[in-house]
Amino acid sequence: MKKFTKRKEFGIILIILIMSFILTIVSSAFLKADNIIDILRNNAVYGIMAFGMLPVLISGGIDLSVASSIALCAVVAGKIMTVFDTNIVIVFIISMLVGALIGLINGLIITKLKIAPMVATLGIMTVTLGVVLLYTGGTWISGLPEYFKEFGMAKLGNIPTKNGLTLGIPSQVIILILSGVVTWLMLRYTLIGRGIYAIGGSEASAVRVGYNVDKIKVFIYMYSGIMTGIAAVVHTSIVQQVDPNTFLGYELTVISTVVIGGASTMGGVGTVLGTTFGIILMGILQNGLILAKIPTYWQKIVMGLVILIAISVDVINRKREQSKLVRVDVEG
Amino acid sequence: MKKKVLSALMAVAMISSLLAGCSSKTENSSTETQTTETKSTEAQTTETESTESSYDIVVMPKLIGIPYFTQTGEGAKQAGEELGVNVIYNGPTTADAAEQVKMLEDYITQGVDAICVAPNDAAALDPVLKKAKEAGILVLDWDTEATKDLVDASIHQIDDQELGEHLAQKLVDYMGTEDGEYAIITGSLSASNLNTWIQYAKEYMEAKYPNMKLVTDPVGTDEKQTEALSKTKDLLKAYPDLKGIIAVSTPAPIGAAQAIAELGLQDQVSVVGTAVKEDCQEVLADGSLDLGCLWNTQDLGYLTVAVAKSLLDGNQLTDGMEVEGFGTIQVSGDKNVILGPPEDYVK
């Protein structure tokens, strides 16, 4: 138990438990299977992008281009579907390729031109947004094919509920879980994953140990791009049309989700588990504030406060551990 | 580290200003070449047809690149062609008042005849519009109001009160009862036009149907369809007796309708709202959206140019006056021109 309270994720788990407890008391609708599934489905897009952003933040970088690249991926995927007779797998692959390409450009600018990630991805964000607006003129793409609508409503499991609908795990949630698992495996069990933590800890040491830092960095941004490509198709499968302007501000939501989950923008720390809790906390906040019947104008205040508390607990925990370390050093 | 962060931030600021500079410049130059082209072609036609010189009319939206302002632009350009005036339709790529000021300064220097602007922030545009007036340029606002004293005419897409009351009345009609719970979802809690419609809808409801109960304050959806979808679902869980939803801002009714469709509540819950005709066809067809309504966006652009030209010709603004290319117009107050009643889109 002591070990549990010392875990980095402890603060956020505590907040989630407290909030869930309160929400279960004030709203009978909160702790129900269909509501939990809704929360996960509604946040699948942010979640998948957050899993892509996590390695970037661990490495000490940042990717501001995700909001524009999800727009471009969604527009390309939407066009492909409306123009060509194709299938869902091809749509995913093309969207992921577009995302990977943007990631590759980000990575090359950062490693070859040695431009700071914030500046490089900001530039790419603006260019990509320009391409999207140029191509679409801001118009929506609708009239998506039937197989895509089926994919959007597809569920694993088929438990009938009393209001005539069925309950199951939606396709979007399955993809969210898969993205989390793949990211976890990548960070934990591959050399690249170890390398990402090493770069975030100290880039100079990572080079000395023998990691190919440039290659790993390019990979990180491509990974973020690929996840963005997946998120684009998932988003489109939920809303069933492409509005190129809807993704404005996504990068901030995604980055704050990862940071709430215990990752640091300074690099070196962050886990898939933490990010998962970050996604859950953001989802519960959005959903719970309405279920708890909190007046709209108060919701933003409450939301900001909860996020602040979650991050403070985390930071205070870490500070305490560090001060202990220092004392040991002095005494020893 | 601090220095590093600072230098990174400064670099960001520099790059973004550079980028902003580039984009607006290229846009300007492209429109300039366009206008010079149209000028030369028009010069030829006017020589043969009449001796009347053509006006340069700037029509500036809040931003370019969204469907709404793309359509108003089409209408404005069409008016330009039909009425024989040069329409320069240009605006910033983000809804930024400072960017509008810069662009307007450029147009004043160029010496255009009329400026019609949809301000992102009325107060921020005061000095530049004053400058335009002093330079003898006709100033109009459209879509959103600028400061009243500075404009010669104000083009309104709709009578705000009429739209708000229309939405409320239609919701009651579709719910088929005057006694039930309803909710309002909105694009943004800080958008003044949306808040005005909501205010009129609420007041109308309270006065005419006192048994209709608004379950909570308007819920913001950040102009995003996904947000409208999830918030509608949450509202239905929090208020199981909810029977009607008014959705303002164009993505909101579509997201709300999707939630209704996913839950199979087409026959239990009514949704009415403001939606662009082309974008709401699918949800109208499956019965999840009962009514979408909006003004004709192209006509709004057309009317703006038509009124500007009429005033440049020396006509006085009066109610029921005839405007070339548009017909009779409705004027309320001394300078509010109103496009007309809302257009309804139903299955």
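Predicted model: local features only at pLDDT ≥ 70, side-chain atom pairs only at ≥ 80, totals over all residues.

Modeller: Of the 347 residues of chain B, 46% count as buried. Buried is 20 or more other C-beta atoms within 10 Å of a residue's own, exposed is 12 or fewer, partly exposed is in between, and the C-beta atoms are placed from the backbone.

Colleague: OK. How many helices and strands does chain B have?

Modeller: Chain B has 10 helices and 16 strands. Those are DSSP runs numbered from the N terminus: helices are H or I with at least four residues, strands are E with at least two. As for contacts in chain B with a separation of 6 or more, 71% are between residues 24 or more positions apart. A contact here means C-beta atoms, placed from the backbone, within 7 Å.

Colleague: How is chain B divided into domains?

Modeller: Domain 1 of chain B is 27-42 + 52-158 + 299-341, and domain 2 is 160-294. The bounds come from an automatic or database domain assignment. Taken over C-alpha atoms, the two domain centres in chain B are 32 Å apart. Five residues from domain 1 of chain B and six from domain 2 of chain B make the contact. On the domain 1 side of chain B, that's four nonpolar, one polar and no charged. Nonpolar covers Ala, Val, Leu, Ile, Met, Phe, Trp, Tyr, Cys and Pro; charged covers Asp, Glu, Lys and Arg; the others, Gly among them, are polar.

Colleague: What does UniProt place at residues 57-315 of chain B?

Modeller: An unreviewed UniProt entry puts "domain: Periplasmic binding protein" there, on residues 57-315 of chain B. UniProt positions are given in the numbering used here, feature names are shortened, and annotations may be inferred rather than shown by experiment. Over residues 57-315 of chain B the model is 48% helix and 18% strand, with the end C-alpha atoms 16 Å apart.

Colleague: Now sheets. What is the strand order in the seven-strand open sheet of chain B?

Modeller: The order in chain B is β2-β1-β3-β4-β5-β15-β14, with mixed pairing. Two strands pair if DSSP finds at least two bridges between them. β2 (86-89) and β14 (330-332) of chain B are the edge strands with a single partner strand each, so one side of each has no neighbour in the sheet. The twist averages 25 degrees from one strand to the next.

Colleague: And how do β1 and β2 of chain B run, parallel or antiparallel?

Modeller: Parallel: four bridges join β1 (residues 56-60) of chain B to β2(B). V58(B) has I88(B) as its bridge partner in β2(B). Four of the five residues of β1(B) are buried.

Colleague: Which helix lies across β1, β2 and β3 of chain B?

Modeller: α10 (residues 297-312) of chain B, and it also lies across β4, β5 and β15 of chain B, running at about 160 degrees to β4(B). Axes are lines fitted to C-alpha atoms, for helices over the stretch in contact, and angles run from 0 to 180 degrees between N-to-C directions.

Colleague: Switching to the interface: how many residues does each of chains A and B bring to the contact?

Modeller: The contact takes 34 from chain A and 34 from chain B. α7(A) gives the largest share of the chain A side, seven residues. By class, the chain A side has 14 nonpolar, 17 polar and three charged residues.

Conventions. Residues numbered from 1 in each chain as written. Chains lettered and ligands numbered in written order. Contact = placed C-beta atoms within 7 Å.
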